[in-house]
Amino acid sequence: MTDFNQQHQLAQQHSKSIEAILHASETPITGKQLCHWLSINPNQLSMALTVLQQRLSQGALTLADTASGYRLQIANDFSPLIQQVFPQRQETLSQALLETLSVIAYKQPVTRGDIEQIRGVTVSSNILRQLFDKGWIIEQGFRDTLGRPALLHTTPAFLAAFGLKSLQDLPKLPNVQQLEI
């Protein structure tokens, strides 16, 4: 058997192990964890993930690479079906919450006052509490101005919830004037 065939067979075996781990896990798993648990190097991991992604492309699941690690998720094509069968799973986020989260994500670090200035309305404490409770934002530092307002940032949990690996993966804002704070 050629070296290439052996590597491909090994990658297939590793991909099945990775799939099992991701199915069993309730949280994303990092590449470092997978390498450690499977005793493989990053190149072998990359090959195994490619094989897994190719295999999954024929089914209902996809491999997501988020800031928190890898996870399996239902392919977007099946979202309408899942929402129909499991309507209780659908969580509606209010327009105000999404606007507030968007300002934080795109303009971070920001203060509550910055958000209010951009949105043109007062930010409800309930909205910020919801974002903190979900673990999507954190206070990290203070602006060196009168009152020393807290600076708000998004978290890896925010990136994972929206299937993003980094803030650079946020969609570009089309035809929106640059908002200066």
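Ser 15 touches Ala 48, Val 51, Leu 52 and Arg 55, leaving aside residues up to four places away in sequence; touching, or contact, means heavy atoms within 4.5 Å. This is a predicted model, in which local features need pLDDT of at least 70 and side-chain atom pairs count only at pLDDT 80 or more, while totals for chains, interfaces and linings use all residues. Residues are numbered from 1 along each chain as its sequence is written, and side-chain values use heavy atoms, with hydrogens and water left out.

Ser 15 lies in helix 1, which covers residues 3–24. Helices (H or I, at least four residues) and strands (E, at least two) are DSSP runs, numbered from the N terminus. The side chains of Ser 15 and Arg 55 are joined by a polar contact of 2.8 Å. A polar contact is a pair of N or O atoms within 3.5 Å; within protein, one must be able to donate a hydrogen and the other to accept it, and residues adjacent in sequence count only if both atoms are side-chain atoms.

Gly 135 is placed in the loop between helix 7 (125–133) and strand 3 (137–142). Not counting residues up to four places away in sequence, Gly 135 touches Thr 155, Ala 157 and Phe 158. Gly 135 and Ala 161 are 26 residues apart in sequence, and their C-alpha atoms are 9.9 Å apart in space.

The table gives the accessibility of these two residues. Buried means under 20% relative accessible area, exposed over 50%, and partly exposed in between (1.4 Å probe, protein chains only).

| Residue | Relative accessibility | Class |
|---|---|---|
| Ser 15 | 0% | buried |
| Gly 135 | 24% | partly exposed |

The C-alpha atoms fill a box of roughly 70 × 40 × 30 Å, taken along the principal axes.

Of the 181 residues in the protein chain, 29% count as buried. Among contacts between residues at least 6 apart in sequence, 52% join residues at least 24 apart.
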